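Take a look at the fold below.

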Amino acid sequence: MKKKLFLAMTLIFGVLVISGCSNNSDKKSDKMIEVTVTLLKDQEDFAHEVLEVAEGSTLMEVMEQEFEVEEKQGMITSIEGVKQDEAAGYYWVYTINSETINTGAKETKLKAGDNVEFFYEKI
């Protein structure tokens, strides 16, 4: 009986050690990175922020920390009170480092030096 108990305890301890040491790539790091976020409406810059955020942060996490945002299914629908207008065809779209991004802000992870620009425009 003692042998079985010892074996069970050893097995449980081993599983805990292995799971504690596993590398979870979805976790944010303690390392801070710098990113720039610019908001443009009618071709005018109405907000420009250089931010220090945790490495591995998603764009949605950063936007929710720094701005008043609303979202629907991972897509940002309002920033600083400027809401998308589906009837008129106006939406918030964004680029990172001048490249159009086709994923939602919840899925988009930021890297050091990223330059994010949000545009409120008719699509």
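Strand 1 and strand 2 (residues 44-54) run antiparallel, joined by 10 bridges. This is a predicted model. Within the pair, Thr-36 has Val-50 in strand 2 as its bridge partner. The hairpin leaves 2 residues between the strands, and there Asp-42 adopts a positive phi near 55°.

Strand 1 covers residues 32-41. Of its 10 residues, 7 are buried, so the strand is mostly covered by the under 20% cut-off on relative accessible area. Strand 1 also pairs with strand 8 (residues 115-122). Here the sense is parallel, and 6 bridges make the link. One of the pairings sets Val-37 against Val-116 of strand 8.

Strand 8 in turn meets strand 6 (residues 90-96). These two run antiparallel, with 7 bridges between them. Thr-95 stands opposite Glu-117 of strand 8.

What is the order of the open sheet? Its 5 strands follow the order 2-1-8-6-7, and the pairing is mixed. Strand 2 and strand 7 (99-100) stand at the edges. Each has a single partner strand, so one side of each lacks a neighbour in the sheet. In general, strands of a sheet pair through backbone hydrogen bonds, in either the parallel or the antiparallel sense. Side chains in a regular strand alternate between the two faces of the sheet.

Next, a residue within the sheet. Val-35 belongs to strand 1. Is Val-35 buried or exposed? Its relative accessible area is 1%, so Val-35 counts as buried, the cut-off being under 20%. Val-35 and Val-62 lie 27 residues apart in sequence, with their C-alpha atoms 9.6 Å apart in space.

The second residue is in a loop. Thr-108 lies between strand 7 and strand 8. Despite the loop setting, Thr-108 is buried, with a relative accessible area of 6%. Which residues does Thr-108 touch, not counting residues up to four places away in sequence? They are Ser-57, Thr-58, Leu-59, Tyr-94, Ile-96, Ile-101 and Thr-103. With Thr-103 there is also a polar contact, side chain to side chain, at 2.7 Å.

Note on methods
Residues numbered from 1 in each chain as written. Predicted model: local features only at pLDDT ≥ 70, side-chain atom pairs only at ≥ 80, totals over all residues. Heavy atoms only, no water. Buried < 20%, exposed > 50% of the residue type's maximum accessible area, 1.4 Å probe, protein only. Helix = DSSP H or I, 4+ residues; strand = E, 2+ residues; numbered from the N terminus. Pairing = 2+ DSSP bridges. Polar contact = N/O pair within 3.5 Å; in protein donor to acceptor, adjacent residues only side chain to side chain. Contact = heavy atoms within 4.5 Å.
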